[in-house]
Amino acid sequence: MALLEIKNLHAKVAVAGGREILKGVNLTVNAGEVHALMGRNGCGKSTLFQVIAGRETYEVTEGSITYEGKDLLEMSAEERAREGVFLAFQSPVEIPGVSTDYFLKAAVNEVRKHHGEPELDAMQFLKLFKEKRELLEIDQSFTRRAVNEGFSGGEKKRNEVFQMAVMNPKLGLLDETDSGLDVDALKTVAKGINTLHQQDAHRALMVVTHQERLLKSIVPDFVHVMVDGRIIESGGKELALRVEQRGYAGIEEEVRQGV
Amino acid sequence: MTQVAAEKKSSPLIHFTRLEKELNVNSSPAWLEEVRAGAMARFAAVGFPAQKSEAWRHTNIGAIVRTEWELAGAGEIAGVAALVEKFTFGDDAAVELVFVNGHYHGELSRTGKLPRGTKVGSLAEALAGGDADVVRRHLGKQASIEANPFVALNTGLIADGAFVHLPAGTTIDRPIHLLVISTGGPKPAASHPRVLVVAEERVNATVVESYVGAEGQLYFTNAVTEIVCGAESHIDHCRLQQESTSAYHVSTMQVDLERSATFVSHACTIGGRLTRNDLNCVMNGEHAYATLNGLVMIGGEQHCDNHTLLRHERANCPSHELYKHVLDGKATAVFKGQIFVQRDAQKTDSKQTSKTLLLSDDAYMNSQPALEIYADDVKCTHGSTTGPVDEDMVFYLRTRGVGLEAARHLLTYAFAADVTRRIKVEPVRRRIEDYMAARHGLPQDLRITDVTSHDRAAL
């Protein structure tokens, strides 16, 4: 059974007369696989991730998403998270007055309760957080501050991967986690993601990226090119190289000519 | 028709002036009788504020005006002991004075050991004893009967209240708690509590005023507090209003800051059917520093109107103001933040922030800054935001497994915590948190205390 199976997914902005953004997406992700999603700005990559994560500002008008054999679209955003879906945001919000440590404790215990596991106590959290902070090379003061408040772009991205490490999801959706990072920060974040990938052979990752650079560190099993709300071409890691060389227009042209 | 209108207008006045005669005050000094008579004459002349007057435009006091309020006596204390038990600070307070309908209640009060020369007790006793001169020097000298008819009414009916006198150099670590209880009665009853706090030079102290009542009771509390902060004193003040949600609460607090005095106010309104608070701070000495923080958390049909005034009379005075409102149900609120900078008050540095969280579509906020600046070398900023819980934040928390309701509560908590975490008085903070936990049924995991301890640990 596939971990995630998306069939003919159509979604529009959930207002009367809202624009259709996803126009029939088909995609299968198996446990342990790494998928890269590439495409121009506005082609629907982020929307696809938001729809998978349960954002209600988008309305699914057609198609289905099955996760571990269950209808994902029937679940609330928090249920999806508790079932192991994690979205690392492209532009994470700042939440004044709520520290990362603080809400993450509540979040982890929600997930544990959901699975009938005992809640973690303060000491266990300290240990867990320390381990994951070290993985991402971040300081303790960082996660004690209000979520993302006054963080640089790079710090926000690092915080997202830190949260993913703590939440330990089955499916990680990384939305342009590499953008806004300098070379060193990219290395750290990529290393973190790789470690997470290697630690659990069943964990699947989907990454949205514009840069082939990230895909050198996190080698994808599959690459998909998205154009205007559809996946027009899928392939192995060599497809990323083709995109790099010919651009999205070139890939579109090739597909049209049936190359 | 004119005559009918005139009669209607005059009836409560006649009623209240009659009450003045009912005041059972033994051996008032002649000067106080004069003060009372002058104030009552003022009230009789102007009456209650007109709805159309600028300062009262957004608060309809019709129900207060129309009701024939009896003077709430000191004797009706059924249920008072239970209220004391509920709202006491216990050993967290250095002294706890209990007032029932404005009258000092010795048996329910707890007086502890205080530094030499410190007077904390009943105003009536102070008048009768050796402190009459201090009282005379300050009582009615801060809060103006001309500026506000409710002050005139309160002053015209002064019988008792709290008197706090802190001699020069006094430091008291734990708060002085004034627990002011109002009770309803068979007939609608009003009380007019009066508080006078005189801190001489270099005093360091915390004063907490709690205004409480039994839920469901209908009464009217018309409180006036006068505070004098002597040179180089540091006064921390909390005002926690947790009246019955059927009650009417009008208050005026007048604060005088002398040279290099620091005054920090935390004013929290949770209760009251209708609340109007006027908080006026006058910086009468250079380098005085006033901080006014406010938190209003109301719902249902509650209405709360906060008018604050920061008067910069002298140069080099900073002032900070942060008012936050959490409005649920059909609650309505007004915040008017006046900042007045006198011509000579150069180098004034004033910052005002008003933020409102609307938890329902029917809640309504009216926030208006009012800056009046006559000096040319000043820095005055103000900002105001009003809106619902940020759905982007809610979604972010949900993608981490936090439930929808819990996420909204957590964000509401965090919003309020911006003010509560600044409150140094532990029992006040605890009471606000208890209230929020009860109201929102939030899991222990998500309580503010955790956030606060995080912040402390991070410091």
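The model is predicted, and local features are described at pLDDT of at least 70 and side-chain atom pairs at pLDDT 80 or more, while totals for chains, interfaces and linings use all residues. Residues are numbered from 1 along each chain as its sequence is written, and chains are lettered from A and ligands numbered from 1 in the order in which they are written.

**View 1. Chain B as a whole.** Chain B holds 11 helices and 21 strands; these are DSSP runs numbered from the N terminus, helices being H or I with at least four residues and strands E with at least two. Of its 459 residues, 52% are buried, where buried stands for 20 or more other C-beta atoms within 10 Å of a residue's own, exposed for 12 or fewer, and partly exposed for values in between, with C-beta atoms placed from the backbone. Among contacts in chain B with a separation of 6 or more, 82% link residues 24 or more positions apart; a contact here is a pair of residues whose C-beta atoms, placed from the backbone, lie within 7 Å.

**View 2. Strand S11 of chain B and its partners.** Here we look at S11(B) (234–242), which is largely enclosed by the rest of the structure because 7 of its 9 residues are buried. S9(B) runs parallel to S11(B), joined by 9 bridges; strands count as paired if DSSP finds at least two bridges between them. One place to look is B:Val207, which stands opposite B:His237 in S11(B). S11(B) also pairs with S13(B), in the parallel sense over 8 bridges, and B:Arg239 has B:Ala267 of S13(B) as its bridge partner.

**View 3. Where the two domains of chain B meet.** The domain assignment, automatic or from a database, gives domain 1 (12–285) and domain 2 (389–459) in chain B. In this view, 11 residues of domain 1 are in contact with 9 residues of domain 2. On the domain 1 side, S9(B) (204–213), S11(B) and S13(B) (262–269) each give two or more residues, and S11(B) provides the largest share, 3 residues. That side divides into 7 nonpolar, 2 polar and 2 charged residues; Ala, Val, Leu, Ile, Met, Phe, Trp, Tyr, Cys and Pro count as nonpolar, Asp, Glu, Lys and Arg as charged, and the others, Gly among them, as polar.

**View 4. The contact between chains A and B.** Chain B brings 24 residues to this contact and chain A brings 30. The elements of chain B that give two or more residues are H8 (391–398), H9 (404–420) and H11 (448–458). The chain B side has 14 nonpolar, 4 polar and 6 charged residues.

**View 5. Two helices of chain A side by side.** The axes of H6(A) (153–167) and H7(A) (183–199) come within 10 Å and cross at roughly 10°; axes are lines fitted to C-alpha atoms over the stretch in contact, with angles from 0 to 180 degrees between N-to-C directions. H6(A) is therefore roughly parallel to H7(A), a term for angles under 35 degrees. Residues that meet here include A:Val161 and A:Met164 in H6(A), and A:Val189 and A:Ile193 in H7(A). By class, the contact has 7 nonpolar, 2 polar and 2 charged residues.

**View 6. An open sheet in chain A.** Four antiparallel strands follow the order S2-S1-S4-S5. S2(A) (20–29) and S5(A) (70–71) stand at the edges with a single partner strand each, so one side of each lacks a neighbour in the sheet. S4(A) (58–67) and S5(A) pair over 2 bridges, and A:Thr66 stands opposite A:Asp71 in S5(A).

Terms used
Parallel < 35°, antiparallel > 145°, perpendicular 65-115°, else oblique.
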